Amino acid sequence: MGKHLVVIGGTAAGLSAASKAKRMDPDIKVSVYERTGFIAYGACGLPYYIGDLVKTEGKLADFTPDELKEKRDISTYIHHEVTKIDADSKTLDVYDLRKNEFFKVPYDYLVIATGASPIIPDIPHVHANGVFFLRTVEDGMAIKNAIKERNVKKALIVGGGFIGLEMAEQLSFLGIAVTIVEALPRLLPLLDEEYSNAVKKNLAENNVYLHTGTTVSEIISENGNVVGVKTNNGEIFDTDMAIVSIGVRPNSSMAQNAGLKTGIKNAIVVDEYMKTSDESIWACGDCVQTFNFITKRETYVPLGTTANKQGRIAGGNIAGDKSTFKGVLASQITKVFDLYIASTGLTVDQAREAGFLPEEAKIVKKDKASYYPGGKDNNIKLIFDKNTGRLLGAQAIGSESIAGRINLLATAITAGMTVAELSEVDLVYAPSVAPVYDPILIAASQAVKKVVLKRD
């Protein structure tokens, strides 16, 4: 009889762990408990479901529980919330939300993949009807239903991060007038200021109203329904709906109560094998603390790509593998109307704080040959060490081709390449897809001119 692996959480990290463990050790019994009614769904697709680009919530999910059992022999229980971990007895308290019943589940190995929850600001009436937070499929369904039921004409988004920007785009496509309130002085402050301003301009051109350096002091409600938002400077914005998207915090309280070590933002501390401070418990995804690939310093970066990688590593190691997690570059990308925004690696300030002597090179170049119709600007910024030329980070805005270029730059950072080495990479060329001298090569060549190599 195989050992029993129990996974808390049935989305990216949890199911990656469950699937990898089962694939490597078919005799292991795997049980997954998920609090919501959906598993294996792409949370990053929720704005596009709300905007009706994705027609049904079922399109967001790769599997149903029945399919997971049939195809992978993994028993998955939705609407089941694990409320307590008893690490001494190796048991879990599980609450069946539909039957209103508690029961205990023993485990030999445990994976905690509880994810993260939206940060809820401490302001009056934040839970009024018409105020939403977006994290689960049920959240997306509630927002989509409310748009129709409330005949929403105006929406206010609190927070100008990637999710807030994606929601602004999709709500605009539905004909809703959108206002964004952002507490920081400018959008996406980790981006180059020129790029940040380009995003701001892009929003204005698409009739999205942005107010930076502004916080919400009160949700104004009438008869329990949101009708407006009051800001710190006394302004009042009328609205039919408010979506709060100011970040997330790791769901780690249950792990803390079980005596597991936590770190940054109370995220669960794991080693390179994704094992916690308990020999029988692993953790992965948005509930864990990780580390930066370049600096090796601890950080908290909740991203779906990271969650999937960490889940596979945790599941593999439970089944006898010895794979390790190599860290994160915090590579990310989004699209806001016709503008793509991407970054990877360190910013100039982060590089300096880590002890490098950072320098940057910025270029603007069309993504196709100059004579080929339809070419669009690629704005690329490289961050590198002035003494060694080592590539440390990159940012880019522009056309859809930004995605491929930022991926190449993330690969170069991972490989430890210098800008000189990057400038010699043999990239593809065809007038319809790239100029003969790719924007990446131009940026790298400009960077090489700023490197001061130390000589013995």
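This is a predicted model: local features need pLDDT of at least 70, side-chain atom pairs count only at pLDDT 80 or more; totals for chains, interfaces and linings use all residues.

Student: Which residue stands opposite Val336, and what lies between the strands of the hairpin?

Tutor: Val336 faces Leu339 in β22. The hairpin has 2 residues between its strands, and Phe337 takes a positive phi near 55 degrees there.

Student: How many helices and strands does the chain have?

Tutor: The chain has 12 helices and 25 strands.

Student: How do you know what radius of gyration to set the chain against?

Tutor: A compact globule of 456 residues would have a radius of gyration near 23 Å; the chain has 24 Å, so the value agrees with that of a compact globule. Along its principal axes, the C-alpha trace spans about 65 × 60 × 40 Å.

Student: What share of the residues is called buried, and why?

Tutor: A residue is called buried because its relative accessible area is under 20%. Buried residues make up 51% of the 456 residues in the chain.

Student: What share of the contacts joins residues 24 or more positions apart?

Tutor: Among contacts with a separation of 6 or more, such residues account for 62%.

Student: Where do the mean positions of the charges lie relative to each other?

Tutor: For the 51 positive and 54 negative charges of the chain, the mean positions are 3 Å apart.

Notes
Residues are numbered from 1 along each chain as its sequence is written. Side-chain values use heavy atoms; hydrogens and water are left out. Helices (H or I, at least four residues) and strands (E, at least two) are DSSP runs, numbered from the N terminus. The radius of gyration is taken over C-alpha atoms; the globule rule is 2.2 Å times the number of residues to the power 0.38. Buried means under 20% relative accessible area, exposed over 50%, partly exposed in between (1.4 Å probe, protein chains only). Contact means heavy atoms within 4.5 Å. Lys and Arg count as positive and Asp and Glu as negative; His and the chain ends are not counted. The place of a charge is taken as NZ of Lys, CZ of Arg, CG of Asp or CD of Glu. Two strands pair if DSSP finds at least two bridges between them.
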